[in-house]
Amino acid sequence: MKAGDALPPLTIPITRTLIVAGAVASRDYQDVHHDAELAREKGSPDIFMNILTTNGLVGRYITDQFGPGAVLRKVAIRLGAPNYPGDTMTLTGTVTEVDGVTAQVRVIGANGLGHHVTGMVTLDLPPSPPPFGAGSEPRPNGAGV
């Protein structure tokens, strides 16, 4: 692994269940994450994913690539276009730096409206990192928030 290496993409269907479950799991009870009518009253066309769910999906993407021995040291993300039900988000990553056992990865999550999330993840690599994508058993897309 070296700077410039691209991680394989992960495609996640954005479902109402994923949005609501992520909000409940993170104890984010704002109505815009579970009540479509109230979200519309506040100017949104529908409910949308919260940042904590997005953060979890970014973390999952990185640990799926580098394996369960990888330790996330810093996840710094910024939200852009909302994730609405019925859309799909594709996470991609590029290794930007490797220094001994520490790596940095630039992550982008894009949906039909543009970039939903952009950011950098700093992680400690496992002793012998597996090849990209071989870090864990495959999960159905969108599973395991």
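## Basis of the description

The model is predicted, so that local features need pLDDT of at least 70 and side-chain atom pairs count only at pLDDT 80 or more, whereas totals for chains, interfaces and linings use all residues. Residues are numbered from 1 along each chain as its sequence is written, and side-chain values use heavy atoms, with hydrogens and water left out.

## Overall architecture

The secondary structure of the protein chain comprises three helices and five strands, where helices (H or I, at least four residues) and strands (E, at least two) are DSSP runs numbered from the N terminus. In sequence order these elements give the pattern β-α-α-α-β-β-β-β.

Of the 145 residues in the protein chain, 40% are buried; buried means under 20% relative accessible area, exposed over 50%, and partly exposed in between (1.4 Å probe, protein chains only). The accessible surface of the chain comes to about 7400 Å², with 55% of it belonging to carbon and sulfur atoms, as computed by the Shrake-Rupley method with a 1.4 Å probe, and for residues only the protein chains shown count as cover. Among contacts (heavy atoms within 4.5 Å) with a separation of 6 or more, 68% are between residues 24 or more positions apart.

## Helix H1 and its packing

The buried residues of H1 are Leu18, Ile19, Gly22 and Ala23. Seen down the axis of H1, these residues fall within an arc of 125°, so they line one face of the helix; the arc is that of the directions from the helix axis to the C-beta atoms. The face turned away from this buried side carries the exposed residues Thr17 and Ala25, while the buried residues of H1 pack against strand S1 (6-13) and H3.

Leu18, in helix H1 (residues 16-25), counts as buried at 6% relative accessibility. Its C-alpha lies 8.6 Å from that of Thr53, although Leu18 and Thr53 are 35 residues apart in sequence. H1 is followed by Arg27, which has a positive phi, near 60°.

## A buried histidine and a surface patch

His116 lies in strand S5 (residues 114-124) and counts as buried because its relative accessibility is 1%. Leaving aside neighbours within four places in sequence, the contacts of His116 include Met49, Thr54, Arg78, Leu79, Met89 and Asn111.

Leu79 also belongs, with Ile51 and Leu52, to a nonpolar surface patch of about 240 Å². Patches are made of residues with over 30% relative accessible area and no salt bridge, like charges being joined within 9 Å and nonpolar side chains (Val, Leu, Ile, Met, Phe, Trp, Tyr) within 5 Å. Ile51 lies in helix H3 (residues 51-66) and is partly exposed at 41% relative accessibility.

## Salt bridges

The structure holds five salt bridges, each defined by a side-chain nitrogen of Lys or Arg within 4 Å of a carboxyl oxygen of Asp or Glu. One of them joins Arg16 and Asp46, whose closest N and O atoms are 2.7 Å apart. This pair links distant parts of the chain, since Arg16 is in helix H1 and Asp46 is in the loop between helix H2 (36-41) and H3, 30 residues apart. Arg16 is partly exposed, with a relative accessible area of 41%, whereas Asp46 is buried at 12%.

Lys2 and Asp5 also meet through their side chains in a salt bridge (3.1 Å, N to O), in which Lys2 is exposed at 54% relative accessible area and Asp5 is buried at 17%. Within helix H3, Asp64 and Arg60 are four residues apart and therefore separated by about one helical turn; their side chains meet in a salt bridge (3.2 Å, N to O), and both Asp64 and Arg60 are buried.
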